[in-house]
Amino acid sequence: MIDELRLNTKLIGFDGVIGRRDFCLNIVYLCMIGAIFMTPLSLYFAAHAQTMLDFFSLNKLFWNASWLLKFWVLAGTAGVLYISLSNWIRRFNDINGSVNKNGNIIIGSLAVIGALSFMLPFGWMLLFSLINSILFLTLVFKKGKVTANFPYDFRKDFNWGAFFGTWIWGLINKSYKTLWILLLGWTPIGFYYQLLCGLKGNEWAYKNRKWKSDEEFKRSQENQTIGFVVLTVFVIPIIAFLVIFAMVFAFVFSAVDEARISPNHESVKMNKMERVLNTYTSLYFEGHTITADENKFYVLAKDWNGYSFSEKKDILDMAAVTAATERKTTKTKELARTKIYNSSNGELLGEFTLDEKLLNTDKPDFKEIIKASMKAYTFYRAN
């Protein structure tokens with residue numbers, strides 16, 4: 001029994017027990033590894049979704065992916081799941097105070113289903129994701145019967161200063177590993193590395209600087225935490241708001257001043273708006289044609305296939321705004337007759353449509369409205 005419940009903080013291993021902090025640390029490592037394997041799938045989902053409704057049918061998109069992508073994702077999921085299971089079981093052993101084989105089997109089964117839930121219909125995916133989230137939070141927050149008897153070590157406490165301050169905190173505390181956030185912060189791994197800084201912060205800072213006493217170390221980290229929390233939660237958002245406000249004010253003031261000294265106010269404002277729109281549209285469109293019944297915008301097939309669903313939506317909205325400016329109407333009126341085409345062969349790539357039955361119904365059902373809105377923006381992959 002003593003051997004079965006020995007402390008085992010390794011990343012991989014089914015024997016022994018693991019405490020909350022080391023469990024979270026290993027899970028963060030696993031999330032970073034998992035993000036590498038899942039990023040290609042996320043990009044595939046974003047590029048191949050035709051309507052917003054497709055994001056509620058990810059299992060269909062997955063099975064339509066190439067065999068190479070499916071193998072990459074399943075191989076990565078299998079590896080991460082194996083390591084994750086070893087940590088979940090050790091954590092459960094700690095909470096239970098003994099090795100419970102039946103409990104381990106149940107936890108293992110739920111973890112497997114949860115990890116592969118993206119291949120299930122949306123309802124089942126949501127259910128198992130919720131169950132796994134509850135189970136995971138229980139493993140994180142519930143004290144273990146074994147590790148709770150170990151001596152308290154303040155160096156394993158979460159350091160909020162390191163979490164919020166990351167590389168700036170690292171420079172102050174000579175913990176230069178935090179500088180990786182400058183690179184990783186632009187990737188899906190960024191947030192997980194920020195969590196890693198929080199989990200390892202005390203350990204790094206205590207080792208990398210000479211402290212007169214433990215109390216001095218604790219006091220220093222508490223002061224830094226307060227400073228970085230205030231900076232992140234209050235100061236930076238206020239500065240960002242003031243900068244945006246100043247830019248908007250300068251633009252409005254310039255436009256009003258220009259219109260005031262001009263003999264034709266509306267003409268000046270419309271010409272200025274058209275110049276701005278033409279600048280932006282030239283970046284995305286190869287050209288466009290405004291006819292009586294339709295607003296045709298043309299894009300390169302290669303560029304279009306590389307855009308995410310959100311980017312395609314923004315491009316279609318931009319096209320509608322451009323058409324509305326030229327017609328001197330509103331975006332809402334032009335959106336329905338604005339379409340995106342392949343500049344090389346004229347195939348339809350994007351449109352905004354609403355179910356005619358919904359439009360002709362006096363009191364449409366709420367579910368029908370939601371379903372129609374999910375299908376309103378429709379995008380196709382260029383051949």
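**Hairpin, cores and charges: a walk through the model**

Let me start at one residue. In the hairpin of β3 and β4, Gly346 takes a positive phi near 75°. Five residues lie between the two strands there. Keep in mind that this is a predicted model.

Now the strands around that turn. Strand β3 covers residues 338-342, and strand β4 covers residues 348-352. The two run antiparallel, joined by three bridges. In that pairing, Ile340 stands opposite Gly350 in β4. β3 has another partner, strand β2, residues 295-299. Here the strands are parallel, with five bridges between them. Asn295 stands opposite Thr338 in β3.

How many of the five residues of β3 are buried? Five of five, so the strand is mostly covered, with buried meaning under 20% relative accessible area. In a regular strand, side chains alternate between the two faces of the sheet. In β3, Thr338, Ile340 and Asn342 point one way. Lys339 and Tyr341 point the other way. Both sets are buried. Hold on to Lys339; I will come back to that residue.

Next, the whole chain. There are 15 helices and five strands. Of the 383 residues, 39% are buried. Take the contacts with a separation of 6 or more: 66% of them join residues 24 or more positions apart. The chain exposes about 22,700 Å², and carbon and sulfur atoms supply 65% of that area.

Now the interior. In soluble globular proteins, nonpolar side chains tend to be buried together. In this chain, the largest nonpolar core has 36 residues. Phe23, Trp88 and Tyr193 have the most contacts inside that core. Several helices supply at least two residues each, among them α3 (67-96), α5 (122-141) and α9 (214-260). Which helix gives the largest share? That is α1, with eight residues.

Tyr193 is then in contact with Met32, Lys177, Thr178, Trp180, Ile181, Leu184 and Trp204.

Phe191 and Ile181 are 10 residues apart in sequence. Their C-alpha atoms are 8.8 Å apart. Phe191 lies in helix α8. Is Phe191 buried or partly exposed? Partly exposed, because its relative accessibility is 46%.

Helix α6, residues 160-172, contributes the largest share, four residues. Ile168 lies in that helix.

Last topic: charges. Side chains of opposite charge can pair when their charged atoms come close. With a cut-off of 4 Å from nitrogen to oxygen, the count is 12 salt bridges.

Arg21 forms one with Glu203, with the closest N and O atoms 3.1 Å apart. That pair links distant parts of the chain: Arg21 is in helix α1, Glu203 is in helix α8, and 182 residues separate them. Arg21 counts as buried, because its relative accessibility is 16%. Glu203, at 28%, counts as partly exposed.

Glu203 has a further partner, Lys200, at 3.2 Å from N to O. Why are these two about one helical turn apart? Because they are three residues apart in helix α8. Lys200 is buried, at a relative accessible area of 14%.

Now back to Lys339. Lys339 forms a salt bridge with Glu351, the closest N and O atoms being 3.0 Å apart. This pair joins strand β3 to strand β4, 12 residues apart. Lys339 and Glu351 are both buried.

One network to finish. Salt bridges that share partners join Arg21, Asp22, Lys156, Lys200 and Glu203.

Conventions: Residues are numbered from 1 along each chain as its sequence is written. This is a predicted model: local features need pLDDT of at least 70, side-chain atom pairs count only at pLDDT 80 or more; totals for chains, interfaces and linings use all residues. Side-chain values use heavy atoms; hydrogens and water are left out. A nonpolar core is a set of buried Ala, Val, Leu, Ile, Met, Phe, Trp, Tyr and Cys residues joined through side-chain atoms within 4.5 Å. Buried means under 20% relative accessible area, exposed over 50%, partly exposed in between (1.4 Å probe, protein chains only). Contact means heavy atoms within 4.5 Å. Two strands pair if DSSP finds at least two bridges between them. Accessible areas come from the Shrake-Rupley method with a 1.4 Å probe; for residues, only the protein chains shown count as cover. A salt bridge is a side-chain nitrogen of Lys or Arg within 4 Å of a carboxyl oxygen of Asp or Glu. Lists of a residue's contacts leave out its neighbours within four places in sequence.
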